[in-house]
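Dear colleague,

I am handing over a structure that you have not worked with before. Please look at the sequence and the model first, and then read the notes below, which go through what was found.

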Amino acid sequence: MAELRTLYDKIFDAHVVDRQDDGTCLLYIDRHLVHEVTSPQAFEGLRLAGRQVRAPQKTLAVVDHNVPTTDRSKGIQDEESRIQVETLAANAKDFGIDYFNEQDNRQGIVHIIGPEQGFTLPGTTIVCGDSHTSTHGAFGALAHGIGTSEVEHVLATQTLIQSKAKNMQVVVDGKRGEGVFAKDIILAIIGKIGTAGGTGHVIEFAGEAIRDLSMEGRMTVCNMTIEGGARAGLIAPDEKTYAFIKDRPRAPKGADWDAALRYWETLQSDEGAHFDKVIRLDAANLPPIVTWGTSPEDVISIDGRVPTAEQGASEAKRASIRRALDYMGLSGGEKITDVAIDRVFIGSCTNGRIEDLRVAARLIEGKRVSDRVNAMVVPGSGLVKAQAEAEGLDKIFLAAGFEWREPGCSMCLAMNPDRLAPGERCASTSNRNFEGRQGFKGRTHLVSPAMAAAAAVTGHFVDVRDWH
Ligand SMILES: CC(C)[C@H](C(=O)O)[C@@H](O)C(=O)O
Ligand code: SF4
């Protein structure tokens, strides 16, 4: 009998170019996404070595982290950001790589534009000098974040040195309740396994609640796999995956499509294949979730209370809770629904897609953003923005008092003008809540788009299950 393999095993095996005795492999890379932050030294390295980009047609570059989200016709004010963006433009031109600049309506966050263009395909290996490359795993692609020296290696050779990770399966059974979203599922998983729970593993997500998710929701789940410590996240492709990809600009067409489909249909873990670690969760029991601290694993239910330091199991844990409470300006023990917010950020590669904006718009339609709150919506790409505008979502947000911005990473991280002031508290749909992530001394609470939208209106966290 043939060996039973997981989806990860299958994609990995299909891309091995060379295997050393110690298990180190050289993997063929099908797709390389490039952004302005982690690529300058890589291109410089090629230049110094007199090398070309090996497969420019398998490489796609875009600016996202450093671009301002306000009127771009005036250029970029911040010197460092301007140089970063200009450098990518020049490198893309010099090395013959397709590039979406900040005026292009296809521009957006790198992990949003890949799937949009049909660049992200099942069964492929995808890399990008960015940790949230795991997002593309939603399509059944093996997608790794890589460092700048690896970016150079992939540009030059279209291969990457990798050792095989272990297999982990996260099964989410049951049906989500009303007001509970993909973001709540992944926050609950990280809360359960911890930020190191996936270390050394590739996680395959399975179960009814994962199958039920739209492609957008699956991307949200895979996006945050990296916050659970895993090397990559994967979801086996199915009809929803194929429907999402079909007719996208770079998707295979005609006979190529049929051949691709036949391959994609083999991309599932074999029944009975071995997983080194299996975690199960029931979606039916999940509440909307809010992070209270400075790690994505610091999760509580919307009807819960912020923990107190005394709840820590060890002195080290008590000290870390104390530090997080202090940074977050919380005393511990308060109900999370009593915590007032100053800012709301709806966007990022976690939750900046059309479905996210639809959910948020539906909740706030006809309502007003609280006087104490500054709220903004940053579509994940120019195409998401255009789609939202075609559906009139921008009007709903603007009428409610939200700002409606140009696409980019924005306030997900403080690398552009969008940032929190010291002490400001934000309900954010992004994926990281580390100290200073959204601005020096800024306080981030990670939530779903629905929870962020509702909090914008009430001025504090509120249970979206009570909103009809
Ligand atoms: C700037 C980039 C290298 C970084 C990452 O790797 O993830 C960023 O996208 C982030 O989300 O922190
Ligand atoms: S939106 Fe945030 S998490 Fe995603 S690539 Fe940009 S900075 Fe990183």
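To begin with one residue, C349 lies in helix α12, which covers residues 348-351; helices here are DSSP runs of H or I with at least four residues, strands are DSSP runs of E with at least two, and both are numbered from the N terminus. Please keep in mind that this is a predicted model, in which local features need pLDDT of at least 70 and side-chain atom pairs count only at pLDDT 80 or more, while totals for chains, interfaces and linings use all residues. Residues are numbered from 1 along each chain as its sequence is written, and chains are lettered from A and ligands numbered from 1 in the order in which they are written.

The ligands come next. Ligand 2 is surrounded by 13 residues, of which the closest are S348, C349, C409, C412 and L413, where a residue counts as near if its C-beta atom, placed from the backbone, lies within 6 Å. By class, this shell has 5 nonpolar, 6 polar and 2 charged residues; Ala, Val, Leu, Ile, Met, Phe, Trp, Tyr, Cys and Pro count as nonpolar, Asp, Glu, Lys and Arg as charged, and the others, Gly among them, as polar. Ligand 1 has V37, T38, H65, D130, S131, H132, G145 and L413 around it, and they divide into 2 nonpolar, 5 polar and 1 charged.

As for domains, whose bounds come from an automatic or database domain assignment, the chain is divided into domain 1 (7-164 + 238-259), domain 2 (166-237 + 270-285) and domain 3 (289-466). The shell around ligand 2 draws at least three residues from each of domain 1 and domain 3. The centres of domain 1 and domain 2, taken over C-alpha atoms, are separated by 24 Å, and 22 residues of domain 1 are in contact with 18 residues of domain 2, contact meaning that the C-beta atoms, placed from the backbone, lie within 7 Å. On the side of domain 1 that touches domain 2, α1 (7-14), α4 (110-117), β7 (142-145) and α9 (239-245) each supply at least two residues, and the residues of that side divide into 10 nonpolar, 10 polar and 2 charged.

Which order do the strands of the open sheet of 5 strands follow? The order is β5-β4-β3-β6-β7, with parallel pairing, where two strands pair if DSSP finds at least two bridges between them. β5 (98-100) and β7 stand at the edges with a single partner strand each, so one side of each is left without a neighbour in the sheet. Strand β4 (residues 59-62) is joined to β5 by 3 bridges, and V62 stands opposite F100 in β5.

A further open sheet has 4 strands in the order β11-β10-β9-β12, again with parallel pairing, and its edge strands are β11 (232-234) and β12 (277-282). Strands β9 (residues 166-173) and β10 (residues 201-206) pair over 6 bridges, with H201 as the bridge partner of K166.

Methods:
Contact = placed C-beta atoms within 7 Å.
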